[in-house]
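The sequence and the structure come first, and the description follows.

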Amino acid sequence: MNLISRIFGRTAKLNMEKQVGPASEDDIKQALASIDAITATMSETDNWRVIFHRMRSYIVDHPNSYGMSMARDSWQSMQGGYGSWSDYYIPHDDFETRKRLNAELQSHCTALVSALSAYADE
């Protein structure tokens, strides 16, 4: 029974991927640029970088609605599951610099959400 479930599970997954629609090229470009900008602002040791790199891989490996939907699911898990954008804010000793850097980070996060928002429940 397990073998049959795996065979049918693979077939269903392949059929789902075949039915995936295109994604807007502009959305893909915006999402990738936003992810790159976000990770560029993070420290090299920030654990959130792994999740952003995974999101980027989803989009690069599947430049269609499926990849965008996977990236969106990953973003939502970060927001609702165990954190929020403020968990990976940029610390800095100078308050004004920290304020400016985090405003930029929030702007990139907003652009990412905008690019991914059309790809819910694909």
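A salt bridge is taken here as a side-chain nitrogen of Lys or Arg within 4 Å of a carboxyl oxygen of Asp or Glu. The model is predicted, so local features need pLDDT of at least 70 and side-chain atom pairs count only at pLDDT 80 or more, while totals for chains, interfaces and linings use all residues. Side-chain values use heavy atoms, with hydrogens and water left out, and residues are numbered from 1 along each chain as its sequence is written.

Under that criterion, a search of the whole structure finds three salt bridges, which are set out below.

| Pair | N to O separation |
|---|---|
| Lys29 and Glu25 | 3.8 Å |
| Asp36 and Arg56 | 2.7 Å |
| Arg100 and Glu104 | 3.1 Å |

Helices are DSSP runs (H or I, at least four residues), numbered from the N terminus. Accessibility is described by relative accessible area, with a 1.4 Å probe and protein chains only: buried means under 20%, exposed over 50%, and partly exposed in between.

Lys29 and Glu25 are four residues apart in helix H2 (residues 25-41), and therefore are separated by about one helical turn. Lys29 counts as exposed at 53% relative accessibility, and Glu25 is likewise exposed, with a relative accessible area of 56%.

The salt bridge between the side chains of Asp36 and Arg56 links two helices: because Asp36 lies in helix H2 and Arg56 in helix H3 (residues 48-61), the pair ties together parts that are 20 residues apart in sequence. Asp36 is partly exposed at 33% relative accessibility, and Arg56 is partly exposed at 27%.

Arg100 and Glu104 belong to helix H5, where, being four residues apart, they are separated by about one helical turn. Arg100 is partly exposed, with a relative accessible area of 45%, as is Glu104 at 34%.

Helix H5 (residues 95-116) can also be considered as a whole. The expected span of a helix is 1.5 Å times one less than its number of residues; the 22 residues of H5 should therefore span 32 Å, and the end C-alpha atoms are 31 Å apart, which agrees. The buried residues of H5 are Thr97, Leu101, Asn102, Leu105, Cys109, Leu112, Ala115 and Leu116. Seen down the axis of H5, these buried residues fall within an arc of 135 degrees, so they line one face of the helix; the arc is that of the directions from the helix axis to the C-beta atoms. An α-helix has 3.6 residues a turn, so residues three or four places apart point the same way.
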